[in-house]
Amino acid sequence: MSAAQLGLFAAPPLRGWPRLQAFLVDHIKRAALRQLHASRAGELLLLRIYLIGEEATEQTLQHEMLANPPAWLERQVQQHLREEQEHSALFAAAMRERGMQPPSELRADRLSQAKIRRWQHIARCYAPHFQQGVLVPAYAIGLCAEQMAERVLSRHCAVLPAEHPLQGLLGRVLADERKHVRMCLRTLGLSVAAHEQPHLQQLLAEARAVDRAWGVTGALGMYLAGIALRLRGKWQRAHG
């Protein structure tokens, strides 16, 4: 894909409140990660969040992208699904190594559920504007989700010491998420006609706005959860 084509899918520079919002989210989440890694329960919470995200992606791939994909795309979607399933298995294994059996039923938090519902609504609204139908909104929103995962994992790897036991796992998943970003970009480049580009740009702008909408609230929630779990662990050790 050429630089000009990549530019069509790049997020525009943030200004004003969105720029400040992104700054606050990044700094609060870095502090939240340090708090969460200060306790076993906090680390398990992080792994559970990752596992929920991977399983949500698996469901999207199975129910939306594998429902009726073009022949040229089916192999790519199957490979993507296998990699997401591998990630789920890795996060589940990391939880077991820390003494916790992953729950049989995982549910996203309310903010994440609200984000997913909003993304689904955007996909339904924009699907009629594209010759490839729902495939384009699915991959556009998938691009936003994979870029979000790339940011989250890059931040997490940067916060952890190089020798931390989770660095290998997070680094492996990060490499795959970067590959998935390129996959989404390539698929959109092949699926969207020139006259459909304005609708795609609007779709991406709305999807990214949803991603940012509860950023500060979610970051503060993570930070407070990290403090609470660290203090609880400290109290349990003192009175155990």
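Modeller: Keep in mind that this is a predicted model.

Colleague: What distance does helix 8 reach from its first C-alpha to its last?

Modeller: Helix 8 runs over residues 197–213 and has 17 residues. At 1.5 Å a residue, 24 Å is expected, and the model comes close to that. From first C-alpha to last, helix 8 reaches 24 Å.

Colleague: Glutamine 120 and alanine 207 are 87 residues apart in sequence; how far apart are they in space, C-alpha to C-alpha?

Modeller: Glutamine 120 belongs to helix 5, residues 110–126, and is partly exposed because its relative accessibility is 36%. C-alpha to C-alpha, glutamine 120 and alanine 207 are separated by 9.8 Å.

Colleague: Is helix 6 roughly parallel or roughly antiparallel to helix 7?

Modeller: Helix 6 (residues 135–159) packs with helix 7 (residues 167–191), their axes 8 Å apart and at an angle of about 155°. Angles over 145 degrees count as roughly antiparallel. Therefore helix 6, relative to helix 7, is roughly antiparallel.

Colleague: How many residues of helix 6 are buried?

Modeller: Helix 6 has 25 residues and reaches 36 Å between its first and last C-alpha, close to the 36 Å expected. It is largely enclosed by the rest of the structure, because the buried residues among those 25 number 18.

Colleague: Is glutamate 150 buried, partly exposed or exposed?

Modeller: Glutamate 150 lies in helix 6. Buried would need under 20% relative accessible area. The relative accessible area of glutamate 150 is 23%, so this residue is partly exposed.

Colleague: What separates the C-alpha atoms of glutamate 150 and leucine 174?

Modeller: Along the chain, glutamate 150 and leucine 174 are 24 residues apart. Their C-alpha atoms are separated by 6.1 Å.

Colleague: And what separates the C-alpha atoms of alanine 92 and isoleucine 116?

Modeller: Alanine 92 is in helix 4, residues 71–97, and counts as buried because its relative accessibility is 8%. Isoleucine 116 is 24 residues from alanine 92 along the chain. The separation of their C-alpha atoms is 23 Å.

Colleague: Which residues are exposed on the other side of helix 2?

Modeller: The buried residues of helix 2 are Gln21, Val25, Ile28, Lys29, Ala32, Leu33, Gln35 and Leu36. They line one face of the helix, since they fall within an arc of 145° seen down the axis of helix 2. On the other side of helix 2, the exposed residues are Arg19 and Arg34.

Colleague: Is helix 2 roughly parallel or roughly antiparallel to helix 9?

Modeller: The axes of helix 2 (residues 17–36) and helix 9 (residues 215–239) come within 8 Å and cross at roughly 15°. Angles under 35 degrees count as roughly parallel. Therefore helix 2, relative to helix 9, is roughly parallel.

Notes:
Residues are numbered from 1 along each chain as its sequence is written. This is a predicted model: local features need pLDDT of at least 70, side-chain atom pairs count only at pLDDT 80 or more; totals for chains, interfaces and linings use all residues. Side-chain values use heavy atoms; hydrogens and water are left out. Helices (H or I, at least four residues) and strands (E, at least two) are DSSP runs, numbered from the N terminus. The expected span of a helix is 1.5 Å times one less than its number of residues. Axes are lines fitted to C-alpha atoms, for helices over the stretch in contact, and angles run from 0 to 180 degrees between N-to-C directions. Angles under 35 degrees count as roughly parallel, over 145 as roughly antiparallel, 65 to 115 as roughly perpendicular and the rest as oblique. Buried means under 20% relative accessible area, exposed over 50%, partly exposed in between (1.4 Å probe, protein chains only). The arc is that of the directions from the helix axis to the C-beta atoms.
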